[in-house]
Protein chains: 2
Amino acid sequence: MAIRNAFYAQSGGVTAVINASACGVIETARKHPDRIGKVFAGRNGIIGALREELIDTSLESEEAIRALIHTPGGAFGSCRYKLKNISENQREYERLIEVFRAHDIGYFFYNGGGDSQDTAYKVSQIADKMGYPITCIGVPKTVDNDLPFTDCCPGFGSVAKYIATSTLEAGLDIKSMCESSTKVFILEVMGRHAGWIAASAGLASKSEAEPPHIILFPEIPFRREAFLERVDFCVKNYGYCVIVASEGAQHEDGRFLADTGNKDAFGHTQLGGVAPTLANMVKQALGYKYHWAVADYLQRAARHIASATDVEQAYAVGKAAVEMALSGKQAVMPIIVRDQARPYRWHIGEAPLSDVANQEKKMPIHYIRDDGFGITQDCRDYLEPLIAGESFPPFEDGLPKVARLQNELTEKKLKTEFTL
Amino acid sequence: MAIRNAFYAQSGGVTAVINASACGVIETARKHPDRIGKVFAGRNGIIGALREELIDTSLESEEAIRALIHTPGGAFGSCRYKLKNISENQREYERLIEVFRAHDIGYFFYNGGGDSQDTAYKVSQIADKMGYPITCIGVPKTVDNDLPFTDCCPGFGSVAKYIATSTLEAGLDIKSMCESSTKVFILEVMGRHAGWIAASAGLASKSEAEPPHIILFPEIPFRREAFLERVDFCVKNYGYCVIVASEGAQHEDGRFLADTGNKDAFGHTQLGGVAPTLANMVKQALGYKYHWAVADYLQRAARHIASATDVEQAYAVGKAAVEMALSGKQAVMPIIVRDQARPYRWHIGEAPLSDVANQEKKMPIHYIRDDGFGITQDCRDYLEPLIAGESFPPFEDGLPKVARLQNELTEKKLKTEFTL
């Protein structure tokens, strides 16, 4: 069979382990020089393909590629850019074909979440609809854990481990201080539509008395009175109250809690944040001293406390994507299939991109406790294996070592520039 | 010599390694059964002494005490409670003597920052002024790194490592996304009066182009125009801008940046936060997409990414405190003395509590770059050894294992209750 080059791109919000998937793709491709020539990585994701900005990963040493496995962020740059349908924007697809043809690209690996798998699916259609032969394989990734079919999404397990660890640690801090100082602590975590990340905080607790005492999920409409009552109960009974709140926590009418509706002196909408909003509410209604934290990007970048299971799975889906491509699959995405929970066993399966694209996996409602403020044993059983194992990066001068890539672009072959 | 019991208490904001100092005190005391009987820990710090709530640490296993070395927070409870001068509140000192006498306490170890060393000093005075013989030794602790004499404060190195690591990791995240998404990221860190913690973020960067691009210190009055200019420069030249801001960052007139002066619909002052304030400023002036994080307690509780140097020093000051007591010292505090920077060598020295109390060590101005937005090589040379080495806790089911103490109170001997 002919040797053809591959295109790999990172898409959407990055994670602590998306580079481990990149490592899986590149290392596996390098093992098949009889089938795959160079792996070009899109500079800033699919934008790099449109602009013909192709990073030549063949110039990177084995060591540098290996170091991707312990490097957070997206080493080649990612983007938030969704291709329209072929019928709506043929120009983009024609440009992709033009670039792919110029660089003899026969494999397309797209590493991202739901929107990105939609893009991968659309690109796969150019093979049929526009006559350019290309093998398209999706590589799953998202901290939100909301891709369908797969048991979990690479990237999620590490955020979950970070959030559970941080909740455990900060919980011990508040507990120490609550007699004479801070009594209420609020940690705001990611998850605009699904409470997976907030749920993971629940792993920190072994009993009702231990933090987190309250979890706020986007799935459960916020009830002010019940919330305040529970805060007060915890402070009175345990001495303190630790709350983990999804950024997507919302009122019954769908308004985000973070949307305070307040304006500053210039009439600009005041910046929200669920954590400060709740802190204010607690202060006003109950008068307790509070502290709050917003983990934001720290949580999804925290490679230093990544889950070993997550790192392994992230690498495995990258590797499997290349193997699927080589075995003649088209428009599929490798997924994680759970064989059993204890001890955790999983294998790689596959799902068609046409089914994956734009579907969101919701958190099952039986994962949330009846009172709406915590997780059930079922949820715990699901989550626990995903944070198992540590995969500490190497350190140098006290800090994690990260891959230092050259990220050299291959020479452009096209005369035309493309405007996004 | 007679065998007498010891009292140990944790005071002020806790750290990732204050329990390592507790471990040093208790393990060392246990090695001298001919001099020290039981170590009683104050439940919630000095409040426990006043209330005669004394945790009998002799009931804890060797293993449990050892586990303190990798457990964040204050295992016996801490407090924010400052004793007045003896002349102002003789009642409190009389109560202390009463409790100490009832439990034959001859050693007083007080683990805290500047205010707490002041308390330790005052307690030492009851030996002379009120005729109760007790040996008082301070044990240094504070994430703020603001105790005088000592090269650094146990607790600081671990926060510094956490902040530098988080800046490095989140920086890679933003860099990946900046082409089509977030361009400005702001991380708010602790440090109301001194910029030590903010400065530590500077360790993440090896060049001007790398994050953090801007550090805001409480020591440098905030200049809006210069700040916005620099943000804009970074975005235009590096594609993105990572800012690390001290919670204590302030205007020229001393007003905190976080003090927005805004009121909500009920006339309550709106909660600030430096990070959201700066984010709003950037958005309004430059229009860049931003994200912000507030690490708050996560930073000082992050035992999972503690500095091995810090853990070692925290243990060493606990151990030294007991040894100093046994060698007849009075009203001193063990300190870290830096022998050399590279390779880092240090030994334990001592400082009189009378000099330590209520003194604040400021960051030397030559540690801050001329433009006010970064650290100098001198600062880097000072900080680097403090974050050196990793001291990962053991993990179980994916989470750090922490000490589970019984914290059983010894039977009260006094008939009177004490009201704070």
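Which residue forms a salt bridge with B:R66, and how far apart are the closest N and O atoms? The partner is B:E27, and the closest N and O atoms are 2.8 Å apart. This is a predicted model. Over all chains, the structure holds 46 salt bridges.

- B:E27 is buried, because its relative accessible area is 16%, and the limit for buried is under 20%.

**The two domains of chain A**

- Chain A is divided into domain 1, made up of 4-141 + 303-355 + 390-400, and domain 2, which covers 156-301.
- The contact between them takes 13 residues from domain 1 of chain A and eight residues from domain 2 of chain A.
- Taken over C-alpha atoms, the centres of domain 1 of chain A and domain 2 of chain A are separated by 35 Å.
- About 830 Å² is buried between domain 1 of chain A and domain 2 of chain A, and carbon and sulfur atoms give 50% of that area.
- One salt bridge is counted between domain 1 of chain A and domain 2 of chain A.
- Six residue pairs are in polar contact between domain 1 of chain A and domain 2 of chain A, with both residues at pLDDT 80 or more.
- On the side of domain 1 of chain A that touches domain 2 of chain A, the residues divide into six nonpolar, three polar and four charged.
- A:K161 and A:E390 form a salt bridge in which the closest N and O atoms are 2.7 Å apart.

- The size of an interface is often given as the accessible area lost when the parts come together.
- For chain B and chain A, the buried area is about 6,400 Å², and carbon and sulfur atoms give 59% of it.
- Chain B gives 78 residues to this contact, and chain A gives 78 residues.
- The count between chain B and chain A is six salt bridges.
- A salt bridge between the side chains of A:E210 and B:R404 has an N to O distance of 3.0 Å.
- Between chain B and chain A, 27 residue pairs are in polar contact, with both residues at pLDDT 80 or more.
- On the side of chain B that touches chain A, the elements that give two or more residues are α6 (156-177), β6 (184-189), α9 (274-286), β9 (290-294), α10 (297-301) and β13 (399-400) of chain B.
- The element that gives the most to this side is α6(B), with 13 residues.
- By class, the side of chain B that touches chain A has 37 nonpolar, 25 polar and 16 charged residues.

**The pair B:K161 and B:E390**

- B:K161 and B:E390 form a salt bridge, with 2.7 Å between the closest N and O atoms.
- This pair links distant parts of the chain, 229 residues apart: B:K161 is in helix α6 of chain B, and B:E390 is in the loop between α13 (377-383) and β12 (395-396) of chain B.
- B:K161 has a relative accessible area of 0% and is therefore buried.
- B:E390 is partly exposed, with a relative accessible area of 28%.

**Salt bridges within chain A**

- A:E208, A:R230, A:R369 and A:D371 are joined into one network by salt bridges that share partners.
- The side chains of A:R224 and A:E225 also meet in a salt bridge, at 3.2 Å from N to O.
- A:R224 counts as partly exposed at 39% relative accessibility, whereas A:E225 counts as exposed at 53%.

**B:T416**

- B:T416 lies in the segment after β13 of chain B.
- With a relative accessible area of 43%, B:T416 is partly exposed.
- Leaving aside neighbours within four places in sequence, B:T416 is in contact with B:R95 and B:E98.
- The side chains of B:T416 and B:R95 are joined by a polar contact of 3.1 Å.
- B:T416 and B:P140 are 276 residues apart along the chain, and 32 Å separates their C-alpha atoms.

Methods
Residues are numbered from 1 along each chain as its sequence is written. Chains are lettered from A and ligands numbered from 1 in the order in which they are written. This is a predicted model: local features need pLDDT of at least 70, side-chain atom pairs count only at pLDDT 80 or more; totals for chains, interfaces and linings use all residues. Side-chain values use heavy atoms; hydrogens and water are left out. Domain bounds come from an automatic or database domain assignment. Contact means heavy atoms within 4.5 Å. Buried area is the accessible area (1.4 Å probe) that two parts lose on being put together, summed over both. A salt bridge is a side-chain nitrogen of Lys or Arg within 4 Å of a carboxyl oxygen of Asp or Glu. A polar contact is a pair of N or O atoms within 3.5 Å; within protein, one must be able to donate a hydrogen and the other to accept it, and residues adjacent in sequence count only if both atoms are side-chain atoms. Ala, Val, Leu, Ile, Met, Phe, Trp, Tyr, Cys and Pro count as nonpolar, Asp, Glu, Lys and Arg as charged, and the others, Gly among them, as polar. Helices (H or I, at least four residues) and strands (E, at least two) are DSSP runs, numbered from the N terminus. Buried means under 20% relative accessible area, exposed over 50%, partly exposed in between (1.4 Å probe, protein chains only).
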